[in-house]
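I opened a new entry for this structure. I wanted the overall fold first, then the charged side chains.

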Amino acid sequence: MTTFTFVRHGQTDWNLERRIQGATDVPLNETGREQARETGRVLAERRWDGIVASPLSRARETAEIIGSFVGIPEVELVDALVERRYGEVEGLNGEEIAARFPDPTAPVPGREKRSAVVARVLPALQALADEHPDAALIVVSHGGVIGSLVRYITEKRLPGKGELIANGSAHDFLIEDGEVSLASFNGVELDRSIRSRAPLALELTLPS
């Protein structure tokens, strides 16, 4: 069994301005760096075998800061952990998106489906589990990636309505016997009525 503690990167100026980032490489701001330090202090209370991260600078720097607290200076970059691509809405805030795409049900050119995010992340997790059996890894990624995995595993019961994947938040996933499970979400164990385990092979198509 391999444990993956997914951490969302610290805050950026675009987060503060509520702009969609997607695959755009936006750096951390000072608040984001302090959030990474705080997460590092918390995670330093546990034992870790490695840190992996999305190659986008906001995730990479968050991982490097956390690594300085947990005693792991080397960060492995994994392309599949990059944020969900949002196409033509990247860089826009809510008002600008509504003005450009007034029909919220209409497809946005270039926006990656959640199912596609899950389909690229699951094989990467399996490869990491094969490479690091029985290890505990910190995975610094993005809100869209973490949210897509959580929706897949829980059959869209989580995140709840209006519930965000906060900057610097940590969520525990496990890979074992061809399945991925969610052990905790935002530091809270799951209600037993919510599915917490799913196949590593994508079994459903999630809405975009």
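My notes follow, from the whole chain down to single pairs.

**Fold.** I am working with a predicted model. I counted six helices and eight strands in the protein. I read the order from the N terminus as β-α-α-β-α-β-α-α-β-α-β-β-β-β. The radius of gyration is 16 Å, close to the 17 Å of the globule rule for 208 residues, so the protein is as compact as a globular protein of that length. I boxed the C-alpha atoms along the principal axes and got roughly 50 × 40 × 30 Å.

**Burial and contacts.** Buried residues account for 51% of the 208. I then took contacts between residues at least 6 apart in sequence; 72% of them join residues at least 24 apart.

**Charges.** I found 24 positive and 32 negative side chains, their two centres 6 Å apart. The structure holds 14 salt bridges.

**Between helices.** I looked up Arg33 and Glu61, which form a salt bridge at 2.7 Å, N to O. Arg33 sits in helix H2 (residues 30-43) and Glu61 in helix H3 (residues 57-70), so this pair ties together parts 28 residues apart in sequence. Glu61 is partly exposed at 22% relative accessibility.

Which residues are linked in a network of salt bridges? I noted Glu34, Arg37, Glu38 and Arg41. Glu34 meets Arg37 at 3.0 Å, N to O. Those two are three residues apart in helix H2, about one helical turn. Arg41 pairs with Glu38 at 3.2 Å between the closest N and O atoms, again three residues apart in helix H2. I logged Glu34 as partly exposed at 35%, and Glu38 as partly exposed at 41%.

Conventions: Residues are numbered from 1 along each chain as its sequence is written. This is a predicted model: local features need pLDDT of at least 70, side-chain atom pairs count only at pLDDT 80 or more; totals for chains, interfaces and linings use all residues. Side-chain values use heavy atoms; hydrogens and water are left out. Helices (H or I, at least four residues) and strands (E, at least two) are DSSP runs, numbered from the N terminus. The radius of gyration is taken over C-alpha atoms; the globule rule is 2.2 Å times the number of residues to the power 0.38. Buried means under 20% relative accessible area, exposed over 50%, partly exposed in between (1.4 Å probe, protein chains only). Contact means heavy atoms within 4.5 Å. Lys and Arg count as positive and Asp and Glu as negative; His and the chain ends are not counted. The place of a charge is taken as NZ of Lys, CZ of Arg, CG of Asp or CD of Glu. A salt bridge is a side-chain nitrogen of Lys or Arg within 4 Å of a carboxyl oxygen of Asp or Glu.
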